[in-house]
Amino acid sequence: MKSYRADLHIHTLLSPCGDLSMSPANIVAEASRKQLDIIGITDHNSTRHCSLVGKLAGNMGIFVMQGAEVTTREEVHCLAFFETIDALKHFQEFLDLNIPDVQNDPLIFGDQVVVDENEKIIYTEDRLLSNATMIPLEKLQLFVHENNGILIPAHIDRMKNSLYSQLGFLPEDLKADALEVSRRSSPVKFAMIHPEISLFPLVTNSDSHFPDQIGSVFNTLRLAEATFKEIKMALEGKDGRRIISPC
C-alpha cells in the first residue's frame, strides 16, 4: 500500500462562487505544487469542467475524482462522484432536468463559464448553479448508488447548507459513503459534539474557491493505486485500504 494525499472538494470558475483564477490549468498547477496526488472537482450542480481537469491532471500524474457538489431540495450540499464517462454524463443529464430555471446575474452571483485548456470560454451556464435543485436527498442518494457512485454530504459542521443546519439531525436512513467535516473544524473535534457521525468514515477537504486554498487540508489515503475503485475501498475500509483524516 502507498499513501496518497487527497483534497476532494475543489470548485472551478464554473461555480458562481469560484474565483475566475480557478481555471482547470491553474487548479492542476496548484495541486501539483501542493504535492496532491488526488483531487475532487465539485462545482455546484454541474460536472462540465471535470473532463478537462481530468485530462490536464492526468498529464501531471494526479488522479481526479469527477463529480459535483449537489444542492438538494432541502438545501443540503452533497459531493457526488462517478467512475465512468457514461455515468458522469447520465448524472449531468439528471442535474440539468432538476435545476430551476432561474437566470444567473453575473454581477450579483458571479460568472459561470467553462473554458478550454487555453482558457478560452467555450460555454456559459445561464441558469444559477448555486440554487437548490429539485432533487430530494433520498432521491440523490438512490441515484448515486444505482450508478455505482460515491456520496459524501459536505461540510456537515457548517451552519449553512449542511445536514445539521438544514435537517437538524443525521437521518437514520442516510446512505452516505462518508461525511465531510470542513477545514474550519476537524473530524475528531466535531465527533466530540456529534458522536453519531463516527458511524461513517470521516473526511476533511479544502472546499477551495481560490487557488491558495487548494490542499490547505487533505486526507491521506492508503491505497494500492490511485483509482476510483481503490478510493471506494478505502472509504469502506476494505483489504487494508483506509482513509486518514487530520485530527
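How many disulfides does the count come to by the distance rule? The count comes to zero. Welcome to this predicted model, a protein chain with eight helices and 11 strands. Its radius of gyration is 17 Å, close to the 18 Å that the globule rule gives for 247 residues, so the chain is as compact as a globular protein of that length. The points below start with the whole chain and then visit some of its residues.

**The chain as a whole**

- Along its principal axes, the C-alpha trace spans about 45 × 40 × 35 Å.
- Of the 247 residues, 54% count as buried.
- Among contacts with a separation of 6 or more, 70% are between residues 24 or more positions apart.
- The chain exposes about 11,100 Å², and carbon and sulfur atoms supply 53% of that area.

- A disulfide here needs two cysteine sulfur atoms within 2.5 Å. For Cys17, the closest cysteine sulfur belongs to Cys50 and is 15 Å away, which is too far for a bond.
- Cys78 is in no disulfide either, as the nearest cysteine sulfur, that of Cys17, is 16 Å away.

**Around Thr72 and Ala132**

- Thr72 sits in the loop between strand S3 (63–71) and strand S4 (77–82), and this residue is buried, with a relative accessible area of 0%.
- Which residues does Thr72 touch, not counting those up to four places away in sequence? They are Cys78, Ala132, Thr133, Ile135, Pro136, Leu137 and Leu140.
- Ala132, one of those partners, has its place in another stretch of the chain: the loop between strand S6 (121–124) and helix H5 (137–146).
- Leaving aside neighbours within four places in sequence, Ala132 is in contact with Thr71, Thr72, Arg73, Glu75 and Pro100.
- Ala132 and His9 are 123 residues apart in sequence, and their C-alpha atoms are 18 Å apart in space.

**Thr124, in strand S6**

- Thr124 is found in strand S6 and counts as partly exposed, at 42% relative accessibility.
- Beyond neighbours within four places in sequence, Thr124 is in contact with Gln112 and Val113.

**Phe190, in helix H7**

- Phe190 belongs to helix H7 (residues 187–193) and is buried, with a relative accessible area of 8%.
- Setting aside neighbours within four places in sequence, what is Phe190 in contact with? The partners are Ile156, Asp157, Tyr164, Val181, Ser185 and Ile197.
- Phe190 and Asp157 are 33 residues apart in sequence, while their C-alpha atoms are 6.9 Å apart in space.

**Helix H8 and what follows**

- Helix H8 covers residues 228–236, and Phe228, Glu230, Ile231, Met233, Ala234 and Leu235 are buried there.
- An α-helix has 3.6 residues a turn, so residues three or four places apart point the same way.
- Just after H8, Gly237 takes a positive phi of about 65°.
- Asp239 is found in the loop between H8 and strand S11 (242–244). This residue is exposed, with a relative accessible area of 60%.

- Most residues other than glycine have a negative phi.
- What is the phi of Asp239? It is near 50°, a positive value in a residue other than glycine.
- Asn45 also has a positive phi without being a glycine, with a value near 55°.
- Asn45 lies in the loop between strand S2 (38–41) and helix H2 (50–59).
- With a relative accessible area of 0%, Asn45 is buried, whereas Asp239 is exposed.

Conventions. Residues are numbered from 1 along each chain as its sequence is written. This is a predicted model: local features need pLDDT of at least 70, side-chain atom pairs count only at pLDDT 80 or more; totals for chains, interfaces and linings use all residues. Side-chain values use heavy atoms; hydrogens and water are left out. Helices (H or I, at least four residues) and strands (E, at least two) are DSSP runs, numbered from the N terminus. The radius of gyration is taken over C-alpha atoms; the globule rule is 2.2 Å times the number of residues to the power 0.38. Buried means under 20% relative accessible area, exposed over 50%, partly exposed in between (1.4 Å probe, protein chains only). Contact means heavy atoms within 4.5 Å. Accessible areas come from the Shrake-Rupley method with a 1.4 Å probe; for residues, only the protein chains shown count as cover.
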